Structures are given as structure tokens and as C-alpha cells.
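Please look over the sequence and the fold below before reading on.

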Amino acid sequence: MEPGTIDNLSILYQSSDFIVVNKHWDIRIDSKMWYETLTLQSQLKYRFPELADPDTYYGFRFCHQLDFSTSGALCVALNKAAAGSAYKCFKDRLVTKAYLALVRGHVSQSRMTIRYAIGKNTTEGMTHMMCIEGTEGCENPKPCQSELIVLEHGSYSGDPVTKVLLQPLTGRTHQLRVHCSAIGHPIVGDFTYSHKKDSSPYRMMLHAYYLRIPTGKELIEVCAPDPFVTAMDSNWVPHHTTHRLDETIQELK
């Protein structure tokens, strides 16, 4: 997946009510900052000027969020009714999301459930971060649950890493990043949750791979192409497969 430009937005799904895009890494969904001219919003306006809704602040209704550093599947509603139907699916916990990640070290368990409660970090200089319950300065921690499945063990630039599938069963800010860091396997390239140590990779290796939204009118189900393959990044070298990605996704359906 090449870096984002104004004209290289990839469309995974399109209907009269929804578009699902493959968001680039290191691009914000939207921004009020004058100097941030390249956003997902600006890419959509460039690609689909006729679909921008003047009644909304950004022109498009984003059904959910992805971090600035995270790539992958993101759903956009094209009208108010469609946005409402998608919102109801999220509210009723009918949406299935799964992410691919490369994490530092070799995860020993083939499957694990991570249940650390997550709250806002109020420590000076760290207020942009979240933290797990029991951490100094952790405010208002809420129960969180993530499922982790090991896909492959391998190496990245010679260092041991594990390719995993992550499924957030709750929706706390930075949940997957915090949970991976909490179990001692921070996401490769996650500068924030590696105590500012992991700065050499060109991106954070977290990708929204699978998205399923069963709205009343249509079933939205997409996979955003896996960027963590050797053909796309020669620094990643898999050594051993524990679970096949396609079979693991079938289990979620």
C-alpha cells in the first residue's frame, strides 16, 4: 500500500448509500487545521465531488473512526438515513471488525483474550494517551475486551515479531494499541505506546482488515488487502504459520 495522495483513494465497496474505503496510514479522517490539506475527507471530495453533502461539516458522514496511524476499511454513509442504520448496528453491537497487526516479540499463546480496563492518562505530558487500570494517573477506566489470534511468527528487519488478528469486542480509544502494549507485545512502529522507542519502521503496523455491517437494507462485508506480506514489505519475513488468515476470518462470520 503506497503512501496516500489526493488521487489514490482505494474503494472497497460502493452502493447508493455507502462507500467503504481503504484508508491510508498517517492520514486523518478529517481536520480543522488549515495546514492539513490531505485528509480522507479531501480525498473523498476529490474523487466524489457530487456525493459531498453540504448539510454536513465535512461533507461526508463517517460511520466509525480509525486512528491517524491506522490503515484499512472505513465505512462512509452517503445520506442521513444510511448513517442512522449504520449507527444502530454499532449501537446494537452487530458490527464485526478485525484488524491485522505486527507486534514485537513472539506471542507464545496461539489465542488469548485481553481484558484490561482502559482509562484516560492524566499524567503530565501523557494526556494524549490511554492507559490500563492500575496505572498511575489512569482516570475513569472502563471494561474492555480484545481477542488475539496468532497467524504467523517471523521477523521484521531481523527482530522477532508476530503477525496477529485482533478483534476489539469493545470500542475504547486506542484499545488494541494499549492492550498489545499491556501484554508486552507493542505494535511494530507504535511510537506512542512503546515509550517513544519504536520509531524506525515507516508506519505503525495496524490495519483494519475485515468489516461487516448488517444494515437493514444491505449487508456490507469487506476485506481490505493485507499490507503485511513480504511482497509489499521485504522487512517482514514469516517463519511459521499458526493460523491461516482466510480460515480465521471464516470463524468470525
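## The largest pocket

Which residues lie nearest the centre of the largest pocket, and how many residues line it? The model is a predicted one, and in it the lining of the largest pocket is made up of 30 residues, with Gln65, Lys97, Tyr99, Gly171 and Arg172 lying nearest the centre. The volume of this pocket comes to about 1,100 Å³.

Strand E5, strand E11 (159–168) and helix H3 (175–182) each contribute at least two residues to the lining of the largest pocket. By class, that lining holds 12 nonpolar, 11 polar and 7 charged residues.

## An enclosed cavity

Rolling a probe the size of a water molecule over the atoms shows where empty space is left. In this structure there is 1 cavity of 30 Å³ or more, and the space in the largest cavity amounts to about 40 Å³. The residues that line the largest cavity are His64, Ala73, Lys97, Ala98, Tyr99, Ala208, Tyr209, Tyr210 and Leu211; Lys97 and Tyr99, which are part of this lining, are also among the residues nearest the centre of the largest pocket.

Two strands, E5 (96–104) and E12 (206–214), each supply at least two residues of the lining of the largest cavity, and E12 provides the largest share, with 4 residues. The lining of the largest cavity divides into 7 nonpolar residues, 1 polar residue and 1 charged residue.

Gly72 belongs to strand E4, which covers residues 71–77. Because its relative accessibility is 0%, and buried means under 20%, Gly72 counts as buried. Although Gly72 and Val20 are 52 residues apart along the chain, their C-alpha atoms are separated by 9.5 Å.

Ile6, Leu38 and Tyr46 together make a nonpolar surface patch of about 270 Å². Of these residues, Leu38 is placed in the loop between strand E2 (18–23) and helix H1 (40–47), and its relative accessibility of 31% is the reason that Leu38 counts as partly exposed.

## Salt bridges

Side chains of opposite charge can pair when their charged atoms come close. The count of salt bridges in this model comes to 14. One of them joins Glu36 to Arg28, with 2.6 Å between the closest N and O atoms; Glu36 counts as partly exposed because its relative accessibility is 22%, and Arg28 is likewise partly exposed, at 35%. Another links Lys88 with Asp92, where the closest N and O atoms are 2.7 Å apart, and Asp92 is partly exposed at a relative accessibility of 36%.

Elsewhere, salt bridges with shared partners bring Asp67, Arg177 and Asp190 together in one network.

Note on methods. Residues numbered from 1 in each chain as written. Predicted model: local features only at pLDDT ≥ 70, side-chain atom pairs only at ≥ 80, totals over all residues. Heavy atoms only, no water. 1 Å grid on protein atoms, 1.4 Å probe; cavity = no way out; pocket = protein on both sides within 12 Å on 5 of 7 lines; lining within 4 Å. Points joined across faces, edges and corners; volume = space filled by probe spheres on them. Nonpolar A, V, L, I, M, F, W, Y, C, P; charged D, E, K, R; others polar. Patch = residues over 30% accessible without salt bridge, like charges linked within 9 Å, V, L, I, M, F, W, Y side chains within 5 Å. Areas by Shrake-Rupley, 256 points an atom, 1.4 Å probe, with all protein chains shown as cover. Salt bridge = Lys/Arg side-chain N within 4 Å of Asp/Glu carboxyl O. Buried < 20%, exposed > 50% of the residue type's maximum accessible area, 1.4 Å probe, protein only.
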